[in-house]
Amino acid sequence: METLKEQRRRASKPLMWIGLGSIVMAFAGLTSGYVVSRTTLVEASEWLTFTLPSAFVYSTIVLLASSLLMWWSKKRIAAGDVGQLKSGLTLVALLGVAFIAIQVVGWGQLVDENIFFAGAGSNPAGSWVYAISLFHIAHVVGGIIALIVTLIRAFLGRYSAEDYHGVALVAIYWHFVDLLWLYLYVFLSVIR
């Protein structure tokens with residue numbers, strides 16, 4: 001008979017994909033709202049057109065680097081190298097924090113261009129960029145928390161070449177968050 005741990009493990013990946021699907025739907029709603037707002041306001045000449053802050057390019061590069069490092073970390077534990085897994089997960093989490101910090105710098109660049117989230121002088125175009133970026137950051141924070149939990153488990157000796165299911169799950173989520181930002185960056189760059 002299957003143990004509770006085995007049942008949880010078997011259910012975890014399908015549940016992960018269901019969760020990722022719901023995140024996709026949430027961002028589909030946000031980007032659809034952006035398109036509808038833009039379409040409505042462009043006709044009324046009230047849509048502000050601006051380029052994304054240069055910091056967003058750097059944050060994208062940082063997130064891509066973190067995804068490559070996550071891939072490498074998973075390869076290392078598959079080879080039984082727990083030490084490299086610990087180092088890799090630590091660096092991935094730090095790159096996640098760097099991504100968030102650079103996004104905040106990007107918000108500062110928007111403010112310098114008089115593009116505000118809300119209030120007097122704000123425009124829906126800018127508000128949408130802030131909102132989409134902030135919502136993505138919330139998901140990156142979730143990924144950082146998952147990385148920290150996975151890192152703690154690595155230090156407790158819970159992973160080996162034969163059993164690294166938790167690492168595989170956090171890798172799926174982290175790559176998803178990376179691909180999601182790439183989509184959002186291209187979307188916000190093209191649909192101006």
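Buried residues account for 41% of the 192 residues in the protein. The model shown in every view is predicted.

**Figure 1. Overall arrangement of the helices.** The protein contains 5 helices and 0 strands, and its elements follow the pattern α-α-α-α-α along the sequence. Taken along the principal axes, the box filled by the C-alpha atoms is roughly 65 × 35 × 25 Å. Of the contacts in the protein with a separation of 6 or more, 81% are between residues 24 or more positions apart.

**Figure 2. Packing of helix α2 against helix α3.** Two packed helices are described by the angle between their axes and by the distance between the axes. Helix α2, residues 54-78, packs with α3 at an angle of about 170°, and the two axes are 8 Å apart. The helices α2 and α3 are therefore roughly antiparallel to each other. The residues in the contact of α2 with α3 comprise 21 nonpolar, 9 polar and 1 charged.

**Figure 3. Packing of helix α4 against helix α5.** The axes of helix α4 (residues 124-155) and helix α5 (residues 165-190) come within 10 Å and cross at roughly 165°. Because angles over 145 degrees count as roughly antiparallel, α4 is roughly antiparallel to α5. The crossing of these two helices, α4 and α5, is left-handed. On the α4 side, the contact is made by Val129, Ile132, Ser133, His136, His139, Val140, Gly142, Gly143, Ile144, Ala146, Leu147 and Thr150. On the α5 side, the contributing residues are Gly166, Val167, Val170, Tyr173, Trp174, Val177, Leu180, Trp181, Leu184 and Leu188. Sorted by class, the contact of α4 with α5 has 15 nonpolar and 7 polar residues, with no charged residues.

**Figure 4. Packing of helix α3 against helix α5.** The axes of α3 and α5 come within 13 Å and cross at roughly 25°. Angles under 35 degrees count as roughly parallel, and α3 and α5 are therefore roughly parallel to each other. The crossing in which α3 passes α5 is left-handed. Helix α3 contributes Leu85, Val92, Gly96, Phe99 and Gln103 to the contact, and helix α5 contributes Val167, Trp174 and Trp181. By class, the contact of α3 with α5 has 6 nonpolar and 2 polar residues, and no charged residues.

**Figure 5. Surroundings of Gln103.** Gln103 lies in helix α3. With a relative accessible area of 0%, Gln103 is buried. When its neighbours within four places in sequence are left aside, Gln103 is in contact with Phe56, Ser59, Ser133, Ile137 and Trp181. Gln103 is also one of the α3 residues that make the contact with α5.

**Figure 6. Aromatic pairs at Tyr130.** A search of the whole structure finds 10 aromatic pairs. One is formed by Trp107 and Tyr130, whose ring centres are 6.2 Å apart and whose planes are at 50°, so the pair is tilted. This pair links distant parts of the chain, with Trp107 in helix α3 (residues 82-112) and Tyr130 in helix α4, 23 residues apart. Trp107 and Tyr130 are both buried. Tyr130 also pairs with Phe117: the ring centres of Phe117 and Tyr130 are 5.9 Å apart and their planes are at 80°, so this pair is edge-to-face. The second pair likewise links distant parts of the chain, with Phe117 in the loop between α3 and α4 and Tyr130 in helix α4, 13 residues apart. Phe117 is partly exposed, with a relative accessible area of 43%, whereas Tyr130 counts as buried at 8% relative accessibility.

**Figure 7. An aromatic cluster.** Tyr34, Trp47, Trp128, Tyr183 and Phe187 form one aromatic cluster.

**Figure 8. Backbone of Asn114.** Most residues other than glycine have a negative phi. Phi of Asn114 is near 60°, a positive value in a residue other than glycine. Asn114 is placed in the loop between α3 and α4, the loop that also holds Phe117. With a relative accessible area of 52%, Asn114 is exposed.

Terms used. Residues are numbered from 1 along each chain as its sequence is written. This is a predicted model: local features need pLDDT of at least 70, side-chain atom pairs count only at pLDDT 80 or more; totals for chains, interfaces and linings use all residues. Side-chain values use heavy atoms; hydrogens and water are left out. Axes are lines fitted to C-alpha atoms, for helices over the stretch in contact, and angles run from 0 to 180 degrees between N-to-C directions. Helices (H or I, at least four residues) and strands (E, at least two) are DSSP runs, numbered from the N terminus. Angles under 35 degrees count as roughly parallel, over 145 as roughly antiparallel, 65 to 115 as roughly perpendicular and the rest as oblique. A crossing is left-handed if the near helix is turned anticlockwise from the far one by less than a right angle, and right-handed if clockwise. Contact means heavy atoms within 4.5 Å. Ala, Val, Leu, Ile, Met, Phe, Trp, Tyr, Cys and Pro count as nonpolar, Asp, Glu, Lys and Arg as charged, and the others, Gly among them, as polar. Rings of Phe, Tyr and Trp (its six-membered ring) pair if their centres lie within 6.5 Å; planes under 30 degrees apart count as stacked, over 60 as edge-to-face and the rest as tilted. Buried means under 20% relative accessible area, exposed over 50%, partly exposed in between (1.4 Å probe, protein chains only).
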